[in-house]
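Here are my notes on the model you sent over, as numbered points. Have the structure open while you go through them.

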Amino acid sequence: VEDVAVNGVTALVMGREIFTPAATSELGRLHGSRPLLRRFTNVYVWRNGRWYWFGRQANIVDDQSKR
């Protein structure tokens with residue numbers, strides 16, 4: 001996690017993660033079953049006294065070392 005922002009009843013959690021897709025998944029077919037670096041943003045909303053996960057967006061980060 002690189003940053004957390006809370007504004008009223010909405011919270012954003014942003015960061016990076018390493019993810020290894022299953023060979024049979026769409027990402028596995030595109031990139032192989034190898035570790036991939038992703039950037040992500042998770043969105044949470046405060047309701048009834050607790051945080052609920054609302055949504056997520058994640059992108060694979062281009063591997064600059066292969067250029």
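1. Start with Glu17 and Arg56: their side chains form a salt bridge, with the closest N and O atoms 2.3 Å apart. (A salt bridge here is a side-chain nitrogen of Lys or Arg within 4 Å of a carboxyl oxygen of Asp or Glu.) The two residues come from distant parts of the chain, Glu17 from strand β2 and Arg56 from strand β4, 39 residues apart. Strands, by the way, are DSSP runs of E with at least two residues, numbered from the N terminus. Arg56 counts as partly exposed because its relative accessibility is 38%; the cut-offs are under 20% relative accessible area for buried, over 50% for exposed and partly exposed in between, using a 1.4 Å probe and protein chains only.

2. A word on what you are looking at. This is a predicted model, in which local features need pLDDT of at least 70 and side-chain atom pairs count only at pLDDT 80 or more, while totals for chains, interfaces and linings use all residues. Residues are numbered from 1 along each chain as its sequence is written, and side-chain values use heavy atoms, with hydrogens and water left out.

3. Glu17 has another partner. Its side chain also meets that of Arg38 in a salt bridge, 2.9 Å from N to O. Arg38 is in strand β3 and Glu17 in strand β2, so this pair ties together parts that are 21 residues apart in sequence. Are these two buried or exposed? Arg38 is buried, at 14% relative accessibility, while Glu17 is partly exposed, at 22%.

4. Arg38 does something else as well: it lies over the face of Phe19, 3.9 Å from the ring centre. The rule for a charge over a ring is NZ of Lys or CZ of Arg within 6 Å of the ring centre and within 35 degrees of the ring normal. Phe19 itself has Leu36 in β3 as its bridge partner. Arg50 makes a contact of this kind too, its charged end sitting over the ring of Tyr52 at 4.4 Å from the centre.

5. How many salt bridges does a search of the whole structure find? It finds 4. One of them joins the side chains of Glu2 and Arg16, at 2.6 Å from N to O. Glu2 is in the segment before β1 and Arg16 is in strand β2, so the pair connects parts 14 residues apart in sequence. Glu2 is partly exposed, with 41% relative accessibility. Glu2, Arg16 and Arg39 are linked in a network of salt bridges.

6. Now the strands. Two strands are taken to pair if DSSP finds at least two bridges between them. β1 and β2 are antiparallel and share 5 bridges, with Ala5 partnered by Leu12 in β2. Strand β2 (residues 10-19) is joined to strand β3 (residues 36-47) by 10 bridges, again antiparallel. β3 in turn runs antiparallel to strand β4 (residues 50-60), also with 10 bridges, and Arg47 stands opposite Arg50 in β4.

7. Have a look at the turns. The hairpin of β1 and β2 has 2 residues between the strands, and Gly8 there takes a positive phi near 70 degrees. In the hairpin of β3 and β4, Asn48 has a positive phi near 50 degrees. Most residues other than glycine have a negative phi. Asn48 sits in the loop between β3 and β4 and is exposed, at 75% relative accessibility.

8. Which residues make up the aromatic pair? The count comes to 1 such pair: Trp46 and Trp51, edge-to-face, with 5.1 Å centre to centre and 65 degrees between the planes. Rings of Phe, Tyr and Trp (its six-membered ring) pair if their centres lie within 6.5 Å, and planes under 30 degrees apart count as stacked, over 60 as edge-to-face and the rest as tilted. Both residues are partly exposed, Trp46 at 37% and Trp51 at 34%.

9. Trp46 and Trp51 turn up again in a nonpolar surface patch with Val1, Val4, Val6 and Val9, with about 590 Å² of accessible area together. Patches are made of residues with over 30% relative accessible area and no salt bridge, with like charges joined within 9 Å and nonpolar side chains (Val, Leu, Ile, Met, Phe, Trp, Tyr) within 5 Å. The areas come from the Shrake-Rupley method with a 1.4 Å probe; for residues, only the protein chains shown count as cover. Val6, in strand β1 (residues 3-7), is exposed at 55%.

Key. Helix = DSSP H or I, 4+ residues; strand = E, 2+ residues; numbered from the N terminus.
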